Amino acid sequence: GLAQIDLVPAFRSLSAEQRKKWFRDDCHHSDEGGEALGNLLARLLLWSVRQPTLSTKARGPAALPPAMDASCWCNGRTM
């Protein structure tokens, strides 16, 4: 599966006015919000790949957490 990022804590840190600009309803981004989120995720990804690699010899390979939602969502239905 694909890695998932929980953005709820980040969005909770936004002011109510900022959330109104970023979202057009309870779960869909506005154009401005989508662009801002896309830019933020791109910067986070670039930052993460520029970090020095960690040695896994002492502690073994890193384990991924379980998927938040393992089902694929399409048009409001799980597949």
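Contact here means that heavy atoms lie within 4.5 Å. The structure is a predicted model, in which local features need pLDDT of at least 70 and side-chain atom pairs count only at pLDDT 80 or more, while totals for chains, interfaces and linings use all residues. Residues are numbered from 1 along each chain as its sequence is written, and side-chain values use heavy atoms, with hydrogens and water left out.

The protein has 3 helices and 2 strands, in the order α-α-α-β-β along the sequence. These elements are DSSP runs numbered from the N terminus: helices are H or I runs of at least four residues, and strands are E runs of at least two. Of the 79 residues in the protein, 11% are buried. Buried means under 20% relative accessible area, exposed means over 50%, and partly exposed covers the values in between, with a 1.4 Å probe and protein chains only. The accessible surface of the protein is about 7,300 Å², and 59% of that surface belongs to carbon and sulfur atoms. Such areas come from the Shrake-Rupley method with a 1.4 Å probe; for residues, only the protein chains shown count as cover. Among contacts between residues at least 6 apart in sequence, 23% join residues at least 24 apart.

The interior can be followed from its nonpolar residues. A nonpolar core is a set of buried Ala, Val, Leu, Ile, Met, Phe, Trp, Tyr and Cys residues joined through side-chain atoms within 4.5 Å. The largest such core has 6 residues, namely Leu 7, Phe 11, Leu 14, Trp 22, Phe 23 and Leu 37. Leaving aside residues up to four places away in sequence, Phe 11 touches Arg 19, Trp 22, Phe 23, His 29 and Leu 37.

Aromatic rings also meet here. Rings of Phe, Tyr and Trp (for Trp, its six-membered ring) pair if their centres lie within 6.5 Å; planes under 30 degrees apart count as stacked, over 60 as edge-to-face, and the rest as tilted. The count by this rule is 2 aromatic pairs. Phe 11 and Trp 22 form an edge-to-face pair, at 5.9 Å centre to centre and with 75 degrees between the planes. Phe 11 lies in helix α1 (residues 8–12) and Trp 22 in helix α2, so this pair ties together parts that are 11 residues apart in sequence. Phe 11 and Phe 23 form an edge-to-face pair at 5.1 Å centre to centre, with 75 degrees between the planes. Because Phe 23 lies in the loop between α2 and α3 while Phe 11 is in helix α1, the pair ties together parts 12 residues apart in sequence. Phe 11 and Trp 22 are buried, and Phe 23 is buried too. Ring pairs link Phe 11, Trp 22 and Phe 23 into a cluster.

Ser 30 sits in the loop between α2 (16–22) and α3 (31–49). Its relative accessible area is 18%, so Ser 30 is buried. Not counting residues up to four places away in sequence, Ser 30 touches Lys 21, Trp 22, Phe 23 and Arg 24. A polar atom of the Ser 30 side chain lies 3.0 Å from the backbone nitrogen of Gly 33.

Two alanines complete the tour. Ala 36 is in helix α3 and counts as partly exposed because its relative accessibility is 23%. Ala 36 and Trp 22 are 14 residues apart in sequence, with their C-alpha atoms 7.9 Å apart. Ala 67 is in the loop between α3 and β1 (73–74). With a relative accessible area of 48%, Ala 67 is partly exposed. The C-alpha atoms of Ala 67 and Gln 4 are separated by 6.9 Å, although the two residues are 63 residues apart along the chain.

Notes
Polar contact = N/O pair within 3.5 Å; in protein donor to acceptor, adjacent residues only side chain to side chain.
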